[in-house]
Amino acid sequence: MCVNTLIKCIEDERVQCIGYSYCEYLGPRHWFQFADDTALVTTSEEDNQALLDVFTKWCRWAGFQVRVNKCSRFGIKHNGKKATQFKPYLKVNNQMIPQVEIHSNIYIHSESFQYLGKQFNYKMDMVVIEQELEYDLLEYLEKINRLPLHPRNKILIITKYVYSKLRWRLSIYRLSQSWVEQHLDDKFISYVKRWLHFHKGANLTHLKLASSKFGVGLQLASDVHRYCKLSIRKILSKSINNDIRCLFNLTKFNNVQTDCLIYNNDNPRSALKQQIENTVVEHLSTLKEQNTIMKHVRQVASPKHITMWDNICRQMPKNIFVFVRRALIHSLPNNSNLCRWGKRDNPLCELCYSNKQTQLHMLSACPVSADEGRYTWRHDSILYTLLHYISQLKEYGFRIYADLDNFDNPNELFHSMRPDIVLIKDDRIFILELTCCFETNSEKSRNLKINKYGDIQNDCKKRFRHWRKIFVEFTTLGLVTKHIDDLYSVFKKQTLIIRE
Ligand SMILES: [Zn+2]
């Protein structure tokens, strides 16, 4: 606004005495002013000095002090067809302005000057910025790496804090997507793998998904770069300034993908989010083993329960969190994996020596672990937790039987069968059977249990009019299938009926 006032002022005849005059043969002179940042652009050196003199006078009038050591002079001239950089001769208050050095050596990066926080150089290359970005990210990663934090929080610091420090540069410079992927993403990924103890070939892309889909909301620098580009293009396209919209149209051939999102969607940001998610899902579908658990659980568990599971996992100590995250993609250092990674020769289980030590064998099929009661302990621990909640039904007149110590045993009711929990009230009986199984076996194990207890009525010592059988499955990594909702609904219904 001040500049506009000034220009209007100097056009006035009365103030021409301060030395500014407009002649037709003069080339265009531009004075760009934003807050206390100024750029003076002219077609000749002499013009620039003339404008600089006006600028100096204006500064004196406006009470601004020019810090000459912070200014730069930069010139480009045409030599026939070729443009070359030169050093214009410009002074402010009789002090020579520092010049932007010219390097004739092609191996030395051309020196830059800064205007409004953006660096410019003769070649308009990004080499210096690229080095700066790489260096900064690495420094942040190293610092975060040294902090005694949970891996989940380390990732959170990157996505919430570090990217906010890089976003400006990712927005204003024309960096290629492939450069960001190769130089920034790769660095971040290598650290995340270190924090989660993932092996070299482990898949990380699923971490980009929401927690209801086994992700941790991980964002890579290349994703941030895409959002930044989208914002810039959107601002240009929606500008009220005709020139800016012109600029948008002139540059659309270099931004086809980003512009498509703007043209075809009411909310381009969420469209981009969806696009990134689709790429992840597509990539996951190409993975054979690493996606098997996630794929199966997504079918048998509800997103709500996966989110709950994730919330619990992130509150777990670091070692348990890392164990679960590795197990989810079949990346635990069990003997069969170690063999595959070339770190071991013998894939056999060291407890039973009869089978390969795979994740399934370790967590739910080793005969020695079964004999030692490890799986039973796990099963009963979950049963105790369930009973902790189910015991509330006692207040509503239910009698509770459980196949555990300190509880009435179901053998009082049945001849040969032993369901895990039995609830009785009047002529109603509820049978609850819990299965702890490997992730990919949940449906198979469930069907076995359904068959087993198919005609439990005939095995009962008493007669009941209303029978309800509930089968719930917990997997070895603590995930629960959607059938847990059957238990919730019974619990809710019974407590409600009785309250009424
Ligand atoms: Zn074994």
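Which residue takes a positive phi in the hairpin of strand 3 and strand 4? In this predicted model, the residue is Gly-80, whose phi is near 70°.

## Overall form

The protein chain contains 18 helices and 12 strands. Its radius of gyration is 35 Å, well over the 23 Å that the globule rule gives for 500 residues, so the chain is more spread out than a compact globule. Taken along the principal axes, the box filled by the C-alpha atoms is roughly 115 × 65 × 40 Å.

Of the 500 residues in the protein chain, 23% are buried. Among contacts between residues at least 6 apart in sequence, 59% join residues that are at least 24 apart.

## The hairpin of strands 3 and 4

Strand 3 (residues 75-79) and strand 4 (residues 82-86) pair in the antiparallel sense, with five bridges. Two residues lie between these strands in the hairpin. One of the bridges links His-78 to Ala-83 in strand 4.

Strand 3 is hardly covered, for the count of buried residues among its five residues is zero.

Four strands form an open sheet in the order 9-10-11-12, and their pairing is mixed. Strand 9 and strand 12 stand at the edges with a single partner strand each, so one side of each has no neighbour in the sheet. From one strand to the next, the twist averages 15°.

Strand 9 and strand 10 run antiparallel and are joined by four bridges. Ala-402 has Ile-421 in strand 10 as its bridge partner. Helix 16 packs on the sheet and touches strand 9, strand 10, strand 11 and strand 12, with a direction that makes about 140° with that of strand 11. Helix 17 (residues 442-452) also packs on the sheet, where it touches strand 11 and strand 12. The direction of helix 17 makes about 155° with that of strand 12.

In soluble globular proteins, nonpolar side chains tend to be buried together. The largest nonpolar core here has 39 residues, of which Ile-421, Val-422, Leu-432 and Ile-470 touch the most other members. At least two residues of this core come from each of several elements, including helix 10 (292-300), helix 11 (303-315), helix 14 (359-365) and helix 16 (374-390). Strand 9, strand 10, strand 11 (428-437) and strand 12 (466-475) likewise supply at least two residues each. Strand 11 gives the most, with seven residues.

Ile-421 is in contact with Leu-387, Ile-390, Tyr-401, Ala-402 and Leu-432, when its neighbours within four places in sequence are left aside. A second, separate core has 24 residues, among them Ile-158, Leu-166, Phe-188 and Val-192.

## Loop residues with positive phi

Most residues other than glycine have a negative phi. Leu-116 is not a glycine, yet its phi is positive, at about 50°. Leu-116 lies in the loop between strand 7 (112-115) and strand 8 (118-121). Is Leu-116 buried or exposed? Leu-116 is exposed, because 11 other C-beta atoms lie within 10 Å and a residue counts as exposed at 12 or fewer.

Asn-406 also has a positive phi, near 70°. Asn-406 is found in the loop between strand 9 (399-402) and strand 10 (421-425). With 7 other C-beta atoms within 10 Å, Asn-406 is exposed.

Note on methods
Residues are numbered from 1 along each chain as its sequence is written. This is a predicted model: local features need pLDDT of at least 70, side-chain atom pairs count only at pLDDT 80 or more; totals for chains, interfaces and linings use all residues. A residue is buried if 20 or more other C-beta atoms lie within 10 Å of its own, exposed if 12 or fewer, and partly exposed in between; C-beta atoms are placed from the backbone. A nonpolar core is a set of buried Ala, Val, Leu, Ile, Met, Phe, Trp, Tyr and Cys residues joined through C-beta atoms within 7 Å. Two residues are in contact if their C-beta atoms, placed from the backbone, lie within 7 Å. The radius of gyration is taken over C-alpha atoms; the globule rule is 2.2 Å times the number of residues to the power 0.38. Two strands pair if DSSP finds at least two bridges between them. Axes are lines fitted to C-alpha atoms, for helices over the stretch in contact, and angles run from 0 to 180 degrees between N-to-C directions.
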